[in-house]
Amino acid sequence: MRALRTVAAACLAAGLLTACSSSGSSSTTADSKPSTGASAAASGTASADGSAGKGGAKLGAKEALLASAAVMEKAGSAKLTVSGGTEGTGEFVWKAPKSFLLNTKSDGEDAKVLFVGDVMYVGVGADMADAAGGKTWMKIDPKATAQGAPGGSDAGGFATTMELMDPAVQLAVAAPTATEAGTESVAGQSTTHYRSDVPVDALVEKMQLAAELKTQVLAELKKKGSTVTTEFWINAKGEVVQQSSSGLSTGAAKIVFSSLGSVQPTKAPADSEVFSLTDLLKQ
């Protein structure tokens, strides 16, 4: 199950465990969806990076993050470069139909992870592919594993992680406690830097999880303290150029966003390329 552990490290180290919507839903929940507040902030006369617009006052940190949340919600997709613990690149579409493709390395070898909707696919190495009759993707479906198929505990956690990744929701959750931390040039762009210390309890409270699972998630996150520190570098268009998270059990991580709004959803592998862990165990 080394491949599954790689997925966990990749997803969590990427700083993705910061907000939540209901599993299997194509939109965020009512108490966390940024549309209303964020759109209202974005409709003002100031720029979404917090700078003053024509005849307008400079946005405060909270309003700037909400305005950026509206921008990111509209963009709906981006290419990612991940560093810090896990190194890799990805393509993420957070508008329906959702998908997330991550290319990274495990033990010096290329590793690939794909989420399409609620289903996770793990690209396998040559040895496992040979054992699976030449098929190169292992499928982990939480609906199947919930019925007792192997890998259920891993799949459930990763399906939840997929729901936590929407940057618009992350911005909205971080907005109430955000402060401005100066201006910086990131990836060749002028940005305003914001920092937010979000109480772990508040994050877990927003997660649409069973009570028992909430308790487990809270205990895991609190191993590194009572808050998660999330930082955003936002350009003059209100786009998140870079995000950094620390305080999770996997440590610090950094994500650089590019090609906003231009990424197309990644399709699930063909059935002829897919096997399940159950298939292997039958052999």
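Where is Asn235 found? In this predicted model, Asn235 is found in the loop between strand 9 (227-234) and strand 10 (240-248). Across the protein chain the pLDDT averages 76, and 67% of the residues score at least 70.

- The side chain of Asn235 makes a polar contact with the side chain of Glu239, at 2.9 Å.

**Confidence along the chain**

- The pLDDT is below 50 over residues 1-46, a stretch that has 127 contacts in the model beyond near neighbours in sequence.
- Residues 150-156 also have a pLDDT below 50, and that stretch has 13 contacts in the model beyond near neighbours in sequence.

**Nonpolar cores**

- The largest nonpolar core holds 49 residues, of which Leu65 and Leu171 touch the most other members.
- Helix 3 supplies the largest share of this core, with seven residues.
- Leaving aside residues up to four places away in sequence, Leu65 touches Leu171, Ala174, Ala175, Ala178, Tyr194, Phe232 and Ile234.
- Another core lies apart from the largest one and has six residues, among them Leu101, Val119, Tyr121 and Val274.
- As general background, nonpolar side chains in soluble globular proteins tend to be buried together.

**Helix 3**

- Helix 3 (residues 61-75) has 15 residues, and its first and last C-alpha atoms are 21 Å apart, close to the 21 Å expected at 1.5 Å a residue.
- The buried residues of helix 3 are Ala61, Ala64, Leu65, Leu66, Ala67, Ser68, Ala69, Ala70, Met72 and Glu73.
- An α-helix has 3.6 residues a turn, so residues three or four places apart point the same way.
- Gly76 follows helix 3 and has a positive phi, near 80 degrees.

**Helix 7**

- Helix 7 (residues 167-174) is largely enclosed by the rest of the structure, because eight of its eight residues are buried.
- These buried residues are Pro167, Ala168, Val169, Gln170, Leu171, Ala172, Val173 and Ala174.
- The N-terminal end of helix 7 is capped by Asp166, with a side-chain oxygen 2.9 Å from the backbone nitrogen of Ala168.
- Two residues of helix 7, Leu171 and Ala174, are among those that Leu65 touches.

- Strand 7 and strand 8 pair in the antiparallel sense over seven bridges.
- Within this pairing, Ser185 stands opposite Ser190 in strand 8.
- The two strands form a hairpin with two residues between them.
- Ala187 lies in the loop between strand 7 (178-186) and strand 8 (189-199), and its phi is positive, near 50 degrees, in a residue other than glycine.
- Ala187 is exposed, because its relative accessible area of 58% is over the 50% limit for that class.

**Further loop features**

- Ser259 is found in the loop between strand 11 (251-258) and strand 12 (274-275).
- Like Ala187, Ser259 is a residue other than glycine with a positive phi near 50 degrees.
- Ser259 is partly exposed, with a relative accessible area of 34%.
- A cis peptide bond joins Ala96 and Pro97, with omega about 0 degrees.
- Pro97 is found in the loop between strand 2 (88-93) and strand 3 (99-106).

- Leu280 lies in helix 10 (residues 277-282).
- Leu280 is buried, with a relative accessible area of 18%.
- Not counting residues up to four places away in sequence, Leu280 touches Met128, Ala131, Ala132 and Phe275.
- Leu280 and Ala131 are 149 residues apart along the chain, yet their C-alpha atoms are separated by 7.3 Å.

Methods. Residues numbered from 1 in each chain as written. Heavy atoms only, no water. Helix = DSSP H or I, 4+ residues; strand = E, 2+ residues; numbered from the N terminus. Buried < 20%, exposed > 50% of the residue type's maximum accessible area, 1.4 Å probe, protein only. pLDDT = per-residue confidence, 0-100. Contact = heavy atoms within 4.5 Å. Expected span 1.5 Å × (residues − 1). Pairing = 2+ DSSP bridges. Polar contact = N/O pair within 3.5 Å; in protein donor to acceptor, adjacent residues only side chain to side chain. Core = buried A, V, L, I, M, F, W, Y, C linked by side-chain atoms within 4.5 Å.
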